[in-house]
Amino acid sequence: MVRMTTLPQDPATAAANQKCLRCHALTTLGYRNAADGLYVNLSVSPAEYHASNHGKLACVKCHTKAFQTFPHSAKLRRKQLVCLDCHKKDRKLLKFQFPGILREFQASVHVQKLGKKFTCFQCHDPHGFKIHARVSRRVAQTVLYDNRICLQCHGNEPAVLLASGKPQPSLDLIHAWLPHTELHWANVRCIDCHTSPSNTGVSHQILPKERAVRDCVRCHSSNSLLLQSLYKFQARQERSRDGFLNATILNQSYVIGATRNYYLNVLSFVVFGLTVAGIAVHAGLRRYFNGKRAAEDEKRRRHGQP
Amino acid sequence: MRKQASAFAKTRIGLAVLVLAALAVGGWLSAKIFYEPAFEWYTGVKNGPLTFNTSVAVTPAEFEKIARELTAQERQDRAEALTRGKKDAFTRKVETDMLMNTASFSSDTGFKHIKYFRDAGILRYEGPGTCLRCHADIPVNHADGTSGRVNTLDDVVNSVHFTFQKRAAGFSTYGYNGKQVNAEGRPIPVGKIDRACGIPGSFTWTGWAALVKSRPASAHGAVVMRSEGCGQCHIGGNYHPATEKMLPFGDVPKSAKEGIDCLICHAQAYDMNEKYVIQDAVGLRWNQDRSLKAAMSVTKPSNKNCLNCHQHNFGGDTYADNSASHHPGYLNPRILHDGAKRGMPFDPKEDVHAAAGVQCLDCHVPEGHLIPRGTKGTDLVANDLPNKVVACENCHTSAPHTKNKLMDVVLNGHVARVACETCHIKQLRHQSVVLRDWVHPTYSPEEGIYIFTDVLQSGKADEGFRYFWYNGNGTFLANALGDNPDKSGRYNPLMDQMTRLTNPAGIEEVRRTAKESFHWSDKQIDDYLKPIVDSLSQLTPEMLEKRRAMIARNIIPVQDLGDSKIYPFKLFNAMMYEDMTNQGPFGAMLLPFDYPTYYETGVSSEAVRVAIQNPMIKRMYQYPFKIYMMDAFMHYFGVDQWSDVYPLADDGTLRNVEPHWMRQYGTLMLNHSIKKDGLLCADCHSSHGLIDFKALGYSAQRIHDLENLPEVKYFKKASSPKAAPVKRL
């Protein structure tokens, strides 16, 4: 489960935000941008916002005070917020390495191809954002959450066409070479193959398709690529929980995909246990019958029979 | 011995096979030969060869003359485009005229079928057979992107425009028993064919085609025959609706298929003056235009084609731009009705889409001859393509407002809770009928007949139409279902908002009309108003309790399905005779009127007595029709059991039949006559706004907020057609 990382709002913030949410909670609040015809969604789900990492913030903390008056000036529409406005300075947020993320982001194929049109918010909805991989205990949930971000656009043909001018090729078709495609999609994230590994929490350098991982062994090996990405935080957590030695030994022996299955693990233990038990019984019985035979021999010898 | 036995056995098996084969062939043959007569005997419907005297052969010379007439306007436009450069007006005219008479200029223009017919040597239109010579099958594009071909005749014969009903799931209608119509169990035929309704006042069998004797003032006492009946808007030209199609087997006879009127939907030069009732040796039926001229003008259906019939319920017969009304018939002219079902014309003057040249089929995108109605609907009208969405959003997206940069966001925000129609239909035509009294007809000296009395016609908000929550579903008697998203239980329209006429101006109007038409005392009028102001006053306390329980158990769960929005709905109620033996908490079986008796004598009860002697009505009160249809029909209606006690006693008097208003107002969807500029904030967000927030089940706090929005002052105050402040009781 995802751990809640936010505190409840203080009453004054809640009251101030309620003023905004009177309109902004309407699910269809938005407009079509005259410049590109794209829909700009201005709707904020109160429940989702409160559960998000930003949920304790007052709306005007990020959106300027100019938005406190109504009607909002049409000029404000042109103002684009950037995550770094807040996240660069705050010491508490250093561990998230935003400057590094920015560098990766700028080197990503999205920004290289689409330029300024492509902002953080194309993928991350700041009103619903939750850190996930870092705190999630269930890898499958992280996969679902992260892949949904990519599919917002790549599962939406008109969106891709509008942004890039090129039609979105069928995801099934271009991934047809990948054995057990569906299984991969349920268990690894798009970005695990489509980014270059990095030191930031989650790599933001999305690679052009030619540079995506196509080599099975990169992941399916003892030193799997996934230990630096998808399993990075899990490995770290397990290390702190189980002790360094234990976790390292177990981790290094993993081949992703072979022993990640809980039932397979249990089964192998059962088989192992049964084998040991079988040997023990066999040895025990041998010993027992050997002893018996020796005793009988002794008896016969004593009675003088041949 | 054994050999003999085996030979005997062989003979016996052989004999059995032979007998079975003979039985099968015989059965099939007798079904072929005897089914149709047996069906006609049972239902009382008649079939026969259908001929139309409009189907006339022309000479090649006449053909060319018609072709020139049909293409004149188009050639004129082209010629004028070519001579536009000429400065002198007279020279321009002379040259245009020369071009108009130039042979090459008049060939291969305009309607494509002129050339097809010329090439094929077709000089007479004989009905569907002529069309099918080339169009035996047609390509069809389905919504899912696939395409295929269908047999044209089968496609038409099984479309709702021909069958008037559907015996399948796909109704957005829920019975008062909480069951979605035909969604489970054995499906029954449901649609206009068997849906009793107070607007036409008759059933399709009893009111298909009638000739009525009138004595209009203009004829100075002489009798003028008038045409009336459901068949005027049906594409079949038979003596009855496609009754055969109500059974799961069998088909309409060949003659009925030959009577299909392809041209009323496809011919641009279709002459509505040919639509009138004719009588032949078999009975009464509707004539149609089968002239070659009409056939030569064939195209895909245009708005004109659809509106030949549908303007009747949109704008109404008396709407000035209803072109069909201006062509009521060369013989036995059709009776035109004053009150319109919806009062919202689809016309360039009234509707922004019509003005923009948008065609009906642009939104109602057909698949072959199947035409979608949209997924939402309150009434019991069958839908060819029930899953195909017809919605504003299909074109306008869910962020339709783009013009006003100050308001667009807020307006788009409303889309989640408020339907487009709510703001963009501000009023209906004043001829929109709200209360139709069939029981007390009024004599019209002008028409020379008795006509039903519309005691209230109104196109005003709250009076003629009102706002309700709507999730796309309706009841068996056309009540919009939905709920306030707060789901507090405060919104219960079938106990409250749909059972009352609360508008003081509306009540006053009913009082005035009744006094004028019926010459009653004030006391009589007070009694008359009671069930109009509160339709539940017609129920006994036990019935009322039963109704309350049925709504809580069966209807509220349907109201809470999906997402509801606020929609405008036309209000309607009718006073008709009802079979009180078949009464439930939501109403009783409506009984039809015989049109000639009604119009000629004005004795409404006598008109019922005549109409219910129709064999189809009798069959409804008998086995097996009771089991085949009526029991299930009545369960939806909220009546436990269909009683087979025929409402006509042996002595010919009506048995347990009473005049009543429906126990709740019907609510009809409004989707046309869309205005470019919608309502403005203050039209609704004020204490006297068009929308009654209390009636929509909002809490007191929320009502206060909605009526006193601080933002409203930033926007202009009220919208253009003075949305008069609404006074409520």
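How many residue pairs are in polar contact across the interface of chain B and chain A? The rule finds five, with both residues of each pair at pLDDT 80 or more. The model is predicted. This briefing starts with that interface, then turns to a helix pair in chain B and to some backbone details.

**Interface of chain B and chain A**

- Chain B brings 17 residues to the contact, and chain A brings 13 residues.
- About 1500 Å² is buried between the two chains. Carbon and sulfur atoms give 65% of that area.
- Three residues, B:Lys405, B:Val409 and B:Glu711, supply 31% of the area that chain B buries against chain A.
- On the side of chain B that touches chain A, 10 residues are nonpolar, four are polar and three are charged.

**Helix 2 and helix 5 of chain B**

- Helix 2 of chain B spans residues 60–83, and helix 5 of chain B spans residues 112–120.
- Their axes come within 10 Å and cross at roughly 170 degrees. Angles over 145 degrees count as roughly antiparallel, and helix 2 and helix 5 of chain B are therefore roughly antiparallel to each other.
- Helix 2 of chain B contributes B:Phe63, B:Glu64, B:Ala67, B:Leu70 and B:Thr71 to the meeting. Helix 5 of chain B contributes B:Ile114, B:Phe117 and B:Arg118.
- By class, the residues of this contact are five nonpolar, one polar and two charged.

**Salt bridges**

- Over all chains, the structure holds 39 salt bridges.
- One of the pairs in a salt bridge is B:Glu69 with B:Lys65, whose side chains meet at 3.3 Å from N to O.
- Both B:Glu69 and B:Lys65 lie in helix 2 of chain B. They are four residues apart, about one turn of the helix.

**Backbone details**

- The peptide bond from A:Phe70 to A:Pro71 is cis, with omega near -5 degrees. A:Pro71 sits in the loop between helix 3 (59–62) and helix 4 (84–87) of chain A.
- In chain B, the peptide bond from B:Tyr623 to B:Pro624 is cis, with omega near -5 degrees. The loop between helix 23 (615–620) and helix 24 (625–637) of chain B holds B:Pro624.
- B:His220 is not a glycine, yet its phi is positive, at about 50 degrees. B:His220 lies in the loop between strand 6 (210–214) and strand 7 (224–228) of chain B.

Key
Residues are numbered from 1 along each chain as its sequence is written. Chains are lettered from A and ligands numbered from 1 in the order in which they are written. This is a predicted model: local features need pLDDT of at least 70, side-chain atom pairs count only at pLDDT 80 or more; totals for chains, interfaces and linings use all residues. Side-chain values use heavy atoms; hydrogens and water are left out. Contact means heavy atoms within 4.5 Å. Buried area is the accessible area (1.4 Å probe) that two parts lose on being put together, summed over both. A polar contact is a pair of N or O atoms within 3.5 Å; within protein, one must be able to donate a hydrogen and the other to accept it, and residues adjacent in sequence count only if both atoms are side-chain atoms. Ala, Val, Leu, Ile, Met, Phe, Trp, Tyr, Cys and Pro count as nonpolar, Asp, Glu, Lys and Arg as charged, and the others, Gly among them, as polar. Axes are lines fitted to C-alpha atoms, for helices over the stretch in contact, and angles run from 0 to 180 degrees between N-to-C directions. Helices (H or I, at least four residues) and strands (E, at least two) are DSSP runs, numbered from the N terminus. Angles under 35 degrees count as roughly parallel, over 145 as roughly antiparallel, 65 to 115 as roughly perpendicular and the rest as oblique. A salt bridge is a side-chain nitrogen of Lys or Arg within 4 Å of a carboxyl oxygen of Asp or Glu.
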